[in-house]
Every structure is written in C-alpha cells, then in structure tokens.
Amino acid sequence: MEGLSSGDQSRTVAGMALSSEPLATKDNSTGAYSSKNGALDQQPDTSNLEEAELSLRGRGSLNYEEARALLGRMEYQKGNVEAALHVFEGINIAAVTPRMKATLAKRREHHKRRSQSFSTPPMSIHAASLLMEAILLKAKSLQHLGRFREAAQSCKVIVDIVESSFSEGLPENFAADFKLQETLNKAVELLPELWKLADSPREAIMSYRRALLNQWNLDVETTSRIQKDFAILLLYSGGEASPPNLRSQMDSSFVPKNNIEEAILLLMILLRKIILKRIERDPSILDHLSFALSVSGGLKALARQVEELLPGIIDRNERYHILSLCYYGAGEELIALDLLRKLLHVNEDPNCVPALLMASKICGKTPKLAEEGINYARRALQSLKNNCNQLESVAYCLLGVSLSAHSQVAVADSVRATKQFEALEALESAGRMTKMRDSNILYHLSLENAEQRKLDVALYYAKHLLKLESGSNIRGWLLLARILSAQRQYKDAETIINAALDQTGKWDQGELLRTKAKLQIAQGQLESGIASYIQLLAVLRIQSKSLGLGTKLYKILQDNENPPGLLELEVWHDLASVYIRLSRWHDAETCLSKSKAICSYSASRCHTTGELRFHFNYNSLCRTPYF
C-alpha cells in the first residue's frame, strides 16, 4: 500500500491486496482496540469484496481513497478502532468532497430528467457511498476514543455534502439499492449525539432541527428517535435555546417560542404517532409530556391528550389517576374528585392508597364533603396496615383535617366537641409518627388548637413550626402573628410581621402587609394602617401588570389559596371600612367602586356598602336639629 500515493490514483485491487499491511498497524496489542459495541468480530465480511466488485464494475480499478475506505472498514469491523482511524485519516476528505458532490448532483439531475445523461460523473455512486461510509466510520472511531468534537466535525461533513447536493431535499427512493441512504440516516441521527458529548448544546440543537426540518427520507423509527432525544435535551439541558426559524412554514402554523413549547410540540407529535400505531408504545413519552405540560401550566392540555389516548395504550385505572392529578393541578378539584371516585369504586381499585389520600385531601377543604374525606382517610389507614409510617402519618393528618372541617358543620355541640377531640387526636398521632418534624402536620396541629382556643398550645406548635422551617414559609409567620393577636399581644404580633417582611420578597408580602395593617388598626393607628394598605395595593398593581393579567385576575385565579385578585378585592373592602370609621365617605365610595371593577358580585362589598350607607345616614341625622 506504500506504493499507493496521492499522485497515483489508478492502482488495481491486486496492488491493494499485496501491500495493504503498512496501512494497518502490525502490532496486534495496540491495534486490537475493543469497541464499545461488543467483542471483536473475527469472521470474514464479504461486503468489502462486494463493494470492491461494484466499484470495479464502474471503472475497472480502485483509487487510493476507495482502497483506504475498504481497508479501514475491515479494521473497524474487527474492532481495531485505532488502526481503522489511522487508515481513515489517510483519506483526503477535502479533495474527494467536490467529486462526491458532483456525483450526487448528477444523480439528482438524472432523477429530475428521468433520462440517461451522457456526461460521466467523477466517480460512481458506489464509490461515493463507500467514501461516505468511511467518513461515518471515522466519526465513530473518534467517538470510541473520546474525541467527540472531532467526531462531530467529521460526521457533519456527510450531512453538508448531501444537503449541498440536494438543496430541495432527497428525492423519494433515492439510492434505494445502495448503502448511501443507510449511511445518511446514521449520520443524521449520530451528529447531534456527538455534539452533546462534546458539550456543545447549541450545535446539538441546530443539528436536531436540521435533521427534522430537512428532507432526508428518514424512516419513521429514526425520525421518532430523533424527536424524542431532541425533546429530552430541550427539557432537561438547563439552557434556553433561541426559537427555531421556520420561515418555510405557513403563517398560520404554530411556531414554538421557547424550549418547553418546542419539546411539547415534539412529544405531542410522538404521542399522535403512538395513537395512529405508526410506532411502538413508549411510556416515557407520556412521562416527559406530563412533565413539560406541568411546568408550563398546561395541565388541562395534558388532560385532553390523555383523554384522546385509545383504550389499551394505558391502563384505565392509570388513566383515571393521571386525569385526576391534571384537573386537581388545574384547580378543577370537583372534577378530580369525581375521577377519583370512579377509580376507588369497588369494581376498580378501592384500595389505591395515593387515590384515597388525594380524595381525602380534596374533601377536607370543604366542610360539606368532610365526612367523605374522613371515610377515605380511614380506608387508606386500613390499606396501609402499618406498612409505611410516612404514608400513615399523611393519612392521620388528612383524617384530622377532615374531622376538623366536619366539626364546623355539626349541629349538636356534643358532636362538634367529639369531632374536635378526634381531630386533635389524629393530628397528634401524625405528629408522634413523624417525631414533630413534619411542617405540614405542625401547622395543622397549631391551627386546630388555635381554633379550639387552646392558644398556649397553639403558640408552642407555631414557634416549633417557625424554627423547623427557619422562617422560609409565610404561613408560619402569619400563624404565629395571628395567635399572638388572639392573645391581644398586638405589638409582638406586629414585630413578628416586620421580621417576616424583612425576609420575604416584594411579591410575597401581600398577606403579611394586610395582617400588619389590621394589627395597626387594632392598636388604633388608623393612618398607619391606611399606609400599609396603600403599600399593599401598589405591590399588587405592579404584580398584576407584570403578569399581564389585568383587572380580571380574580376570575382567573379564584381557585387558588390566596389569589392576588381576591386579595386586592378584600384590601379595597378593608380600606373602605377604615375610611368609614374616619367618616371619609367619598374615599370609601372610591374604594368600593375599585372593588366593583374587579368583581361585579361580592357579598363582602354589599356588606361594606351597607355599612357606608348606615353610618352616612346616621351622621346626617345627628347633624339635623330637633324642632
């Protein structure tokens, strides 16, 4: 092979066979590099001879690059990766690239004209395919040796050659009888993976988009694998990619604006393929789509996707559970509860502990459903049977919450006292099982004791909760301040609120500022209370503008625990009540008009309006002289 120089391009295959040894390393100890794909394959491969025969039929000889491509492939198939790479590096890729492009361009013209062209291409299509495969194997060899960036650059050459030769995309059934299409498929799929290994996420994303947007005649399985890998990269890479440039798309087409939207689009396409049975079912696709839609707030969209799945793709009980989670996260708690009831039916899965706990949690928020929540919590405890202390503590906590809610609608005092006693007993059992290290259980223990006017015990648990959370949760500060307020320790309560304000961001200070204003008013500091309310309204206004929600925020977020729109509504009512106490009737009417702009129907506003009319008329009568 030493006689095959770059200047002599017309040696025969016999010459290659006589002098091929110097191209490969003679030392088997260094050349027998085991590939990552498996053990060495020492069986002879007749495909090399077939390729040589096809090339010889075209021109009657093998040139220098083709001979190296064949020999390099033989070494790679034996597992001699380093030797194969040594052979492949002898191919002058820059020199053969123009000839390969010209050959593929001739092939394109032949397909366009559907007639035989009289001009002879620089090399046969078999030779172009052989060299392309050599470039791919060189990239794989570099990958095996950990030289990922060089491997990606080598693999990119194949994609660039084909893309420049077929600007309008590959014609259908192009190179159906040759290895060119197979090599191209592997290169298009491998290129983004190599860029990821080279720690170049930007190039990887560009390669993924290039693979999916250009016409490569990829089969459905290859395209689906690329789509899935790309979606995973977009979701979990940790970086934000620039939006894709889809100028070729129609104006009405959806163009994703960020990573999450692009990943959701890809995963929904894959889910549609599964529904149409074009690809095999892959449970991880639904898992990734669930994550993507959850973090983007599209839980109702996820529910629609799950509802559209054909029977048999996922289990019916699993469908009920996923849908209930989706609707619960979207604020449709009653719909979620109906789905859980179906799941917990005697004919389905009546002992599903996660569903029982979730149903109990939903029911415990509404006094009318509290009795049903008690039943679910007790069924969960029976199903657990001392198998898991963590879940048992959660079940006892939910049982205590439901019992507490049920006591609020009890008619008889004896029933109310019994339910309150059972609620405390359940919460204390949950606290003992967690050794008083669960913040949620401590919160409900303190709250229940406070509602039963056991303020000293409630204060003890509230302080323990604040210490456990290190002041990271606003509800702990608020609970402690309200317990102190119930003990008429207003100054201490205000000090607690001021400490919480110092450790809380501006956007999370809503309830804290409102509580501070109420404490100031309780101490007779009306002007200070008004200033706190005005400060709170300014924070809410900036927040609503930043979110772009406008004045209808109350209707959009009314199902949340403390929606900003509802908080603003109540602040206007509180401020109006303060102005009524100061006999500032015009200011009070202005506050009520602001409240009406947020929500047309409000019982609290009607009550405050009645107070305004009563005090205004009373003051007017007091000024009227008696005759």
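**Exercise 1.** In which loop is the place of S602? Work out too whether S602 is buried or exposed.

*Solution.* Start with the location: this is a predicted model, and in it S602 sits in the loop between α29 (585-598) and α30 (603-623). Next, take the relative accessible area, which is 11% for S602. Buried means under 20%, so S602 is buried. Finally, look for its partners: leaving out residues up to four places away in sequence, S602 touches L569 and H573.

**Exercise 2.** Describe how helix α21 and helix α22 pack.

*Solution.* Begin with the geometry. Helix α21 (residues 439-451) and helix α22 (residues 455-469) have axes 8 Å apart, at an angle of about 160°. Angles over 145 degrees count as roughly antiparallel, and therefore α21 and α22 are roughly antiparallel to each other. From α21 they include L442, Y443 and L445, and from α22 they include V457, Y461 and L465. Sorted by class, this contact has 11 nonpolar, four polar and one charged residues.

**Exercise 3.** Find the largest nonpolar core and the residues with the most contacts inside it.

*Solution.* The largest nonpolar core has 108 residues, and L104, M132, C155, V162, V188 and W216 have the most contacts inside it. Helix α7 (residues 125-144) gives the largest share of this core, 12 residues. Now zoom in on C155: setting aside neighbours within four places in sequence, its contacts are L136, A139, A187, L190, L191 and L194. Another core, of 54 residues, lies apart from the largest one, and A430, A462, L513 and L569 are among its members.

How values were computed: Residues are numbered from 1 along each chain as its sequence is written. This is a predicted model: local features need pLDDT of at least 70, side-chain atom pairs count only at pLDDT 80 or more; totals for chains, interfaces and linings use all residues. Side-chain values use heavy atoms; hydrogens and water are left out. Axes are lines fitted to C-alpha atoms, for helices over the stretch in contact, and angles run from 0 to 180 degrees between N-to-C directions. Helices (H or I, at least four residues) and strands (E, at least two) are DSSP runs, numbered from the N terminus. Angles under 35 degrees count as roughly parallel, over 145 as roughly antiparallel, 65 to 115 as roughly perpendicular and the rest as oblique. Contact means heavy atoms within 4.5 Å. Ala, Val, Leu, Ile, Met, Phe, Trp, Tyr, Cys and Pro count as nonpolar, Asp, Glu, Lys and Arg as charged, and the others, Gly among them, as polar. A nonpolar core is a set of buried Ala, Val, Leu, Ile, Met, Phe, Trp, Tyr and Cys residues joined through side-chain atoms within 4.5 Å. Buried means under 20% relative accessible area, exposed over 50%, partly exposed in between (1.4 Å probe, protein chains only).
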